[in-house]
Amino acid sequence: MTEILVFFDKRFVKQAIQELKLMLSGDYTIKSYISDSIIVVSTGMEYEDIAKNFLLSAPVFIDRVSELNEIIGVKDGYSALVDALHGIIEGAGKKAPKIEVLKEYANDQRHAKDIEVELGLALETREDIPNLKNPDIMLYVILKGDKAYVFMGDFRDAYGSALDHFRHRNMDAEVLENRISRAEFKVYEAVNYFGIKLEQGMRALDIGAAPGGWTRYLIKNGLRVVAIDAGNIDYAKMPKGIRMAIAPGENREAYNVEGIDILAASELEGRGKDYELLHIKELFGRIKLSTLVGLGPFDILCIDINIPAQEAAVIAAVCSEALKAKGKLILTLKMTDDNIERNVEKSKEALAATYDGIRVKKLPHDRKELTLFAIKI
Ligand SMILES: C[S@@+](CC[C@H](N)C(=O)[O-])C[C@H]1O[C@@H](n2cnc3c(N)ncnc32)[C@H](O)[C@@H]1O
């Protein structure tokens with residue numbers, strides 16, 4: 001019997017369990033719930049096979065599965081836990097661990113960070129010298145009540161899905177410090193998860209761009225962006241020294257912001273390349289497709305509009321005309337009802353004629369939404 005921890009987002013528990021069932025060929029028993037997004041499951045399958053299935057099936061809703069190494073009682077302190085951690089480190093032939101603690105209704109009232117320090121100091125006395133920057137082994141401890149669940153980091157930590165359950169520590173430091181909106185983490189995660197290359201001089205069309213998080217991230221990574229949104233963009237937070245312009249829609253105001261050009265709709269033709277940020281301050285539905293095509297062609301199309309998934313997919317299909325061949329699409333699919341599978345299928349159908357390589361993933365910062373990636377045919 002193998003015991004594993006399964007991590008998912010509680011908003012998609014039904015879909016995650018369905019994926020788990022397939023991944024483990026129906027051979028599983030849920031042993032306990034650590035929280036509403038982490039469960040302990042036992043199965044007759046070997047962990048290596050589970051890990052292989054995880055990679056092959058590329059689950060949309062399961063963030064991660066990890067072999068559960070130990071469950072240790074911590075009612076009377078952490079010495080048995082330190083013994084167990086030391087045993088795992090020694091067994092793996094490693095010397096420089098990093099310990100991450102997650103508290104789930106733990107009896108210990110201290111901050112997880114303080115507990116990490118205590119564990120680290122205790123390990124030092126056993127000659128395991130914690131190394132927070134370049135650890136040779138990652139060990140995760142989930143404290144629930146008076147029990148500690150221990151597991152090791154592995155191949156998926158490059159993406160950091162375990163860390164997302166562990167106080168979001170894998171967040172890019174620059175985004176954390178300079179972001180305009182929480183949404184910016186979504187584009188950061190999409191770029192990393194789908195392996196999208198952002199290169200100097202590329203061009204992006206960002207639809208539903210306000211207040212400008214995705215736009216800022218793209219510009220910071222060397223792209224020039226045409227941003228579409230009737231709402232306001234936080235121009236002051238854009239990278240310093242960039243050229244910006246606003247093209248207000250009919251009857252819409254563009255406040256005169258110093259250093260930002262104001263363009264009339266009739267002046268837009270061919271101007272997309274002149275600015276790092278060109279904001280068309282208008283609803284998507286009121287902009288002619290020919291205008292967008294004329295501003296292109298774009299390398300990347302980003303769509304993060306708060307409308308039902310299928311409708312956003314139709315916009316992505318229509319706007320594919322403004323994308324270069326092999327251009328990339330990042331599209332958030334908002335789940336406005338509980339027909340998750342159907343919404344995803346319908347969205348894929350809407351895209352099938354213009355895109356291939358379609359992949360969907362519930363990324364850590366997605367709320368009741370999924371992120372879709374595709375390549376223009
Ligand atoms: C989730 S927010 C986008 C956040 C943005 N990606 C960021 O990083 O800051 C959704 C945006 O879609 C915009 N929106 C909704 N319907 C739209 C439409 N028909 N055309 C253009 N933008 C629209 C809203 O004004 C809102 O700013």
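Start by selecting residues 323–334 and 369–376: these are strands β14 and β16, which run antiparallel to each other and pair over 7 bridges. Helices and strands here are DSSP runs numbered from the N terminus, with at least four residues (H or I) for a helix and at least two (E) for a strand. Two strands count as paired if DSSP finds at least two bridges between them. Show Lys 328 and you will find Ile 375 of β16 opposite.

A word on what you are viewing: this is a predicted model, in which local features need pLDDT of at least 70 and side-chain atom pairs count only at pLDDT 80 or more, while totals for chains, interfaces and linings use all residues. Residues are numbered from 1 along each chain as its sequence is written.

**The whole sheet**

Now widen the selection to the open sheet of 9 strands, whose pairing is mixed and whose order is β11-β10-β12-β9-β8-β13-β14-β16-β15. Its edges are β11 (260–262) and β15 (355–361), each of which pairs on one side only. From one strand to the next, the twist averages 15°. Contact means C-beta atoms, placed from the backbone, within 7 Å. For angles, axes are lines fitted to C-alpha atoms, for helices over the stretch in contact, and the values run from 0 to 180 degrees between N-to-C directions.

**A covered helix**

Next, pick residues 184–193. Is helix α7 mostly covered or mostly uncovered? It is mostly covered, with 8 of its 10 residues buried. A residue is buried if 20 or more other C-beta atoms lie within 10 Å of its own, exposed if 12 or fewer, and partly exposed in between, with C-beta atoms placed from the backbone. Among the buried ones are Phe 185, Val 187 and Tyr 188. The buried residues of α7 pack against α6 (173–178), α8, β13, β14 and β16. After the helix comes Gly 195, with a positive phi near 65°.

**Around the ligand**

Select the ligand and its surroundings: 23 residues surround it, and the closest are Ala 183, Gly 208, Ala 210, Gly 213 and Phe 284. Here a residue is near if its C-beta atom, placed from the backbone, lies within 6 Å. By class, this shell has 13 nonpolar, 7 polar and 3 charged residues. Ala, Val, Leu, Ile, Met, Phe, Trp, Tyr, Cys and Pro count as nonpolar, Asp, Glu, Lys and Arg as charged, and the others, Gly among them, as polar.

**Backbone details**

Stay with Ala 210, whose peptide bond to Pro 211 is cis, with omega near 5°. Pro 211 is in the loop between β8 and α8 (213–220). Another cis bond joins Gly 296 and Pro 297, with omega about 5°; Pro 297 is in the loop between α9 (289–295) and β13.

Go back to β14 for Lys 326, a residue other than glycine with a positive phi near 70°. Lys 326 is exposed, with 10 other C-beta atoms within 10 Å.

**Zooming out**

Finally, colour domain 1 (2–165) and domain 2 (173–376) separately. These bounds come from an automatic or database domain assignment. The C-alpha centres of the two domains lie 36 Å apart, and their contact takes 9 residues from domain 1 and 9 residues from domain 2.

Key
Contact = placed C-beta atoms within 7 Å.
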